[in-house]
Amino acid sequence: MTTWLTNAWYVAGWDAEVDSAPLARTICGVPMVFYRKLDRSVVAMRDACPHRLLPLSMGIREGDSLRCKYHGLKLGPDGVAEEMPLTGDPVNRSICTETYVTHERYRFVWVWIGEKAKADPALIPDLWPCAKPGWVFDGGYYHVACDYRLMIDNLMDLTHETHVHSGSIGQREIMHAGIATRVEGEEVVVERWMPGIDAPPFWRSALGKPGLVDRWQICRFLLPSSVMIDVGVAPVEAGATLESHDQGVRGMVVDCMTPESETTHHYFWGMARNFNIDDPGFTARFKAGQGGVFAEDKVILEAQQRSIEANPGLKLAAYNIDQGGVRARQIIARAMRAQAGEGAAA
């Protein structure tokens, strides 16, 4: 049994990653190929020629179609054969490969895993800061060799910042600040407020002024596998609160984890922010800094996955700080059971 939801939208790539050249990417255990048609819309199909199963991502683009590089079977964007390998053979339109529904939003290409009839774009996670006027959004991608749920655990418990990210966003105060965890429908929220502290290097640089700050971290899990983290600092005298905190520098960390296999995933990360939005140089530096932070997480999580596999008789322990990740896993499991029940009823 898989560990992920099937009738759900997952990020397949950044908008800039998917172009006219075929892009191979395995999503939820399914090898897929993505490319843009001449009208720039995105095609997604199973990455296997129905003839001899050579990956279609190795194929040749011809207009909106793909020709297999092995024997030349040509498939249209609907996955149906358009030309057969042998001259004179009639086209057998029953020869086809599976295609998938895609949708573009928030600078991501999303792909629907599951029943096509249920592929409603309204079900795409609400990553509102990525499209809100007055905000700017950019980010990157890592392939991470661990269960995607370990990344969710990591993002829903930022206590690790003190030690994993000590040179950028970590500080001792994180270890001592209380957290509040709650469930809102199918979302999980973890809040941490740190008043009157020194800003860590990353945020001190962003704020651009000395003095004590109030710092906040509000993590929100969204099905099937996204986490948004409202973060930032404001000068103490600005009067920011956990409920209202646009007075200093505020960002929204946007994380989308797409399962590749049971022990690997695609990690699409970024930051939306509402300050210095017209400075592309700042955006590039901010992205580079954030990429360095998440590279540190990648090292930790891949080592954790290797340790899990090396210790099959041991189980993960959960302390109070882990409640966000625990609740998120419970919601994923509950949604999977509900989906399985629907399938059985049908």
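Trainee: Which side chain does Glu 191 meet in a salt bridge?

Mentor: The partner of Glu 191 is Arg 182, with 3.2 Å from N to O; a salt bridge here is a side-chain nitrogen of Lys or Arg within 4 Å of a carboxyl oxygen of Asp or Glu. Keep in mind that this is a predicted model, where local features need pLDDT of at least 70, side-chain atom pairs count only at pLDDT 80 or more, and totals for chains, interfaces and linings use all residues. Residues are numbered from 1 along each chain as its sequence is written, and side-chain values use heavy atoms, with hydrogens and water left out.

Trainee: Is Glu 191 buried or exposed?

Mentor: Glu 191 counts as buried at 18% relative accessibility, while Arg 182 is partly exposed at 31%; buried means under 20% relative accessible area, exposed over 50%, and partly exposed in between, with a 1.4 Å probe and protein chains only.

Trainee: How many salt bridges are there by this rule?

Mentor: The count comes to 21, and one of them joins Glu 98 to Arg 46 at 3.6 Å, N to O. Glu 98 sits in the loop between strands S8 (81–83) and S9 (99–100) and Arg 46 in strand S4 (residues 42–46), so this pair ties together parts 52 residues apart in sequence; strands are DSSP runs of E, at least two residues, numbered from the N terminus.

Trainee: Switching topic, which residues are linked in a network?

Mentor: Salt bridges link Glu 62, Arg 67, Lys 74, Glu 82 and Glu 83 in a network.

Note on methods: Helices (H or I, at least four residues) and strands (E, at least two) are DSSP runs, numbered from the N terminus.
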